[in-house]
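This short report looks at a few side chains and their surroundings. Please keep the sequence and the model in view while reading.

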Amino acid sequence: MNLPTPKMIALTRPVSPSIERCELTHLSREPIDFGLAEEQHRSYEEILERLGCEVRRLDAEPELPDAVFVEDTALVLEGCAIITRPGAVSRRPETSSVAAELGRYRELHYIEGPGTLDGGDLLVVDRTIFAGVSSRSDRGGIEQLRFVAGRYGYRVRPVEVSGCLHLKSAATQVAPGALLINRRWVDPARFGALDLIDVDPAEPTGANALLIGRTVVYPETFPLTRDRLVQRGIPLKTVDLSELAKAEGAVTCCSIVFAEAPVAT
Ligand code: CIR
């Protein structure tokens, strides 16, 4: 018997006109072309639609500079959603509107202070959540995640990250059982038996890829690493997010993608 494929939802949020005041950790501030950033973000949403997602745009948050990077505000699992407590204080007000939307689909849990957790540090591979210990996510936040996610059948493995913003700046899933990785920022031994594909050494920031179904959404700016993925037979759709990259954003952070499964009432 063929089971119906669940509908995929992609939550996004428009780019804020205040993005030029975004948080920056590893990059120097550069002017961001707001119009171009909006255009590139729309192309990104179109790619998600072409890959079968229904894009749900949250209301804009013009006064919250980093609000387009919705990934950091929540983690959606099969049976629940965990609303994070972002490490950057300026980003904490982003979570309430995301919680209001996700509450339509999942039972909600919240990370509580003083723990911190950013969605960009949470890499889910099957029933394992690799959780980056970074400048944004701490052990207290990860312990809370372990407690909640454990009740839904997930195990949590903390992974130290250094040299980059989030765990998913250093490693993301690109195929079943396979990660794209920059070993300079994360210890590959933490990922056990997973198959590891290295970024090209000339493209250290190229490890952030967004897997939807079997297709990887990938930035145009890393052609050498892209060729490595193509050689592995991985289907790709490339997108230009150069303006959001100036705000330290990449392809995973602009959406929260999950299978629709409304909360039973
Ligand atoms: C920040 O520093 O919080 C934003 N400027 C960039 C967040 C990018 N998020 C992500 O990669 N998950």
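Where is the place of E94? E94 is found in the loop between β4 (80-83) and α2 (95-102), with helices (H or I, at least four residues) and strands (E, at least two) taken as DSSP runs numbered from the N terminus.

## Basis of the model

This is a predicted model, in which local features need pLDDT of at least 70 and side-chain atom pairs count only at pLDDT 80 or more, while totals for chains, interfaces and linings use all residues. Residues are numbered from 1 along each chain as its sequence is written, and side-chain values use heavy atoms, with hydrogens and water left out.

## Around E94

Beyond its neighbours within four places in sequence, E94 is in contact with R13, L64, D66, A67, F69 and T73, contact being heavy atoms within 4.5 Å.

## Aromatic pairs

Across the whole structure, a search finds three aromatic pairs (Phe, Tyr or Trp rings, the six-membered one for Trp, with centres within 6.5 Å; planes under 30 degrees apart are stacked, over 60 edge-to-face and the rest tilted). One of them is the edge-to-face pair of Y105 and F258, at 5.2 Å centre to centre and 65 degrees between the planes. Because Y105 lies in the loop between α2 and β5 (107-110) and F258 in strand β15 (residues 256-259), this pair ties together parts that are 153 residues apart in sequence. Y105 is buried at 3% relative accessibility, and F258 is buried at 4%.

Notes
Buried < 20%, exposed > 50% of the residue type's maximum accessible area, 1.4 Å probe, protein only.
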